Amino acid sequence: MKIIHCADIHIGSPLTGVANSAARRHELLKAFEQMTNYAYNVGAEAVVIAGDLLDKEGVTSNELSSLATAMARYPVNYFVVAGNHGGGDYGRLRSLTTPNVRYFDGRWRSYTLGNVCISGMELDGNDAEKWKEVATDKSKYNIVVLHADIDSDDYGELNTDVLVSQQVNYVALGHRHTFMHKRIGKTDFVYSGVLEIRGFDERQDSGFVLIDTDSGKIQFVKQALRSVSDVTVDCNGVSDDLQLRRKVENALKDVDKENYINVTLTGYTEERVHANRIRQDLKGRFFALRIKDETHIRLDMSKLPESTLAGRFCRLVMQELSPEVREDVVRMGLSALYGEELQ
Ligand SMILES: [Mn+2]
């Protein structure tokens with residue numbers, strides 16, 4: 001039997017600080033819908049969702065209804081653990097979903113689908129007691145669905161010893177946002193990671209896991225509407241902002257404009273350059289663009305005569321300050337002297 005494991009979808013996330021946040025928020029739903037299409041097309045009988053299907057709060061009725069619509073479309077079973085972001089919104093979701101969607105609660109529950117037994121519960125402060133009553137069926141392939149951290153009890157106790165000794169085959173985990181697979185004894189502990197990244201800070205592959213319970217094969221399936229593209233631009237020898245822009249444009253020629261483009265400027269420039277101006281020039285050409293300036297200035301004293309204020313300032317800095325702080329002081333000092341905005 002084929003089963004899909006996903007988690008950390010965070011529908012309704014406010015995406016504060018993320019470029020095009022409203023469009024992106026809708027794309028989280030699209031990513032979910034795409035996963036349900038995949039599940040049906042690959043012949044999966046169930047999708048287990050190991051927590052954080054919804055974000056903390058503020059999920060709209062439209063989003064909840066959209067989830068219910070996506071899950072009602074095909075004859076596929078869904079098993080949902082809410083996780084540490086659980087709350088009132090799951091009650092609202094529950095009232096909208098069809099009977100093929102089942103929710104775990106504070107006690108162990110098991111569902112049997114053919115030769116597969118799917119168990120799970122919501123972890124809370126009383127986990128030690130609950131771990132005495134793990135529900136599995138040793139005659140079947142056992143999947144346990146939990147939202148927890150494998151290395152700490154901050155989000156509830158994940159008792160790996162009990163799961164291994166109960167010969168659970170697959171532990172479907174949520175909470176960590178990156179795919180991770182760890183085998184202990186004969187038990188596979190797996191984090192699916194996020195279904196879709198939420199912005200620049202998530203640079204890992206997004207997707208879900210396809211489990212084949214007959215062969216025991218576990219496969220991470222990449223799925224991404226957008227991802228982060230890292231581009232490093234070597235700015236050695238650059239003498240002005242137009243040269244810099246040309247370099248950056250050249251480096252971005254082949255990137256997917258629909259991705260999050262993360263540019264880092266490196267090297268020694270001959271003059272101070274202004275990343276913020278390049279950012280302004282390129283505005284609107286990409287779904288989201290970030291430019292980080294890590295260049296250094298090769299300070300050429302012959303271009304800074306002692307007769308000028310800038311020249312005297314730079315000489316003073318070179319004499320008086322340690323190499324570690326010189327560069328920042330020169331950068332800010334010259335900006336101030338030239339009447340520019342400090343960056
Ligand atoms: Mn999460």
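Contact here means heavy atoms within 4.5 Å. The views below show a predicted model.

View 1. Thr264 belongs to strand 14, which covers residues 260-266. Setting aside neighbours within four places in sequence, Thr264 is in contact with Val231, Thr232, Val233, Lys292 and Glu294. Is Thr264 buried or exposed? Its relative accessibility is 17%, so Thr264 counts as buried, the cut-off being under 20%.

**View 2. Ile291 in strand 16.** Strand 16 spans residues 288-293 and holds Ile291. The relative accessible area of Ile291 is 6%, so this residue is buried. Which residues does Ile291 touch? Not counting residues up to four places away in sequence, they are Val263, Leu265, Ala275, Ile278 and Arg279. Val231 lies 60 residues from Ile291 along the chain. The C-alpha atoms of Ile291 and Val231 are separated by 9.4 Å.

**View 3. The manganese site.** Two Asp and two His side chains hold the ion: Asp8 (OD), His10 (NE2), Asp52 (OD) and His177 (NE2) coordinate manganese. The distances run from 2.1 to 2.4 Å. Along the chain, the donors follow the spacing D-x1-H-x41-D-x124-H. Asp8 and His177 link distant parts of the chain, 169 residues apart. Asp8 sits in the loop between strand 1 (2-6) and helix 1 (21-42). His177 sits in the loop between strand 8 (170-174) and strand 9 (180-184). Asp8 counts as buried because its relative accessibility is 1%.

**View 4. Leu15, a residue with positive phi.** Leu15 is placed in the loop between strand 1 and helix 1. Its phi is near 50°, a positive value in a residue other than glycine. Most residues other than glycine have a negative phi. Leu15 has a relative accessible area of 5%, so the residue is buried.

**View 5. Gln167, with phi near 55°.** This value is positive, and the residue is not glycine. Where is Gln167 found? Gln167 is in the loop between helix 5 (160-165) and strand 8. Gln167 is exposed, with a relative accessible area of 55%; the cut-off for exposed is over 50%.

View 6. The protein chain is divided into domain 1 (2-222) and domain 2 (228-337). Taken over C-alpha atoms, the centres of the two domains are separated by 44 Å. How many residues of each domain are in contact with the other? Domain 1 contributes 11 residues, and domain 2 contributes 9. Between them, the domains bury about 860 Å². Carbon and sulfur atoms account for 63% of that area. In domain 1, the residues that lose the most area to domain 2 are Asn20, Phe200 and Arg203. Together these three make up 64% of what the domain 1 side buries.

View 7. Between domain 1 and domain 2, the count is 2 salt bridges. Arg203 forms a salt bridge with Asp230. The closest N and O atoms of this pair are 2.4 Å apart.

Technical notes:
Residues numbered from 1 in each chain as written. Predicted model: local features only at pLDDT ≥ 70, side-chain atom pairs only at ≥ 80, totals over all residues. Heavy atoms only, no water. Donors = N, O, S within 2.8 Å, 3.2 Å for Na, K, Ca; no water. Helix = DSSP H or I, 4+ residues; strand = E, 2+ residues; numbered from the N terminus. Buried < 20%, exposed > 50% of the residue type's maximum accessible area, 1.4 Å probe, protein only. Domains from an automatic or database assignment. Buried area = accessible area lost by both parts, 1.4 Å probe. Salt bridge = Lys/Arg side-chain N within 4 Å of Asp/Glu carboxyl O.
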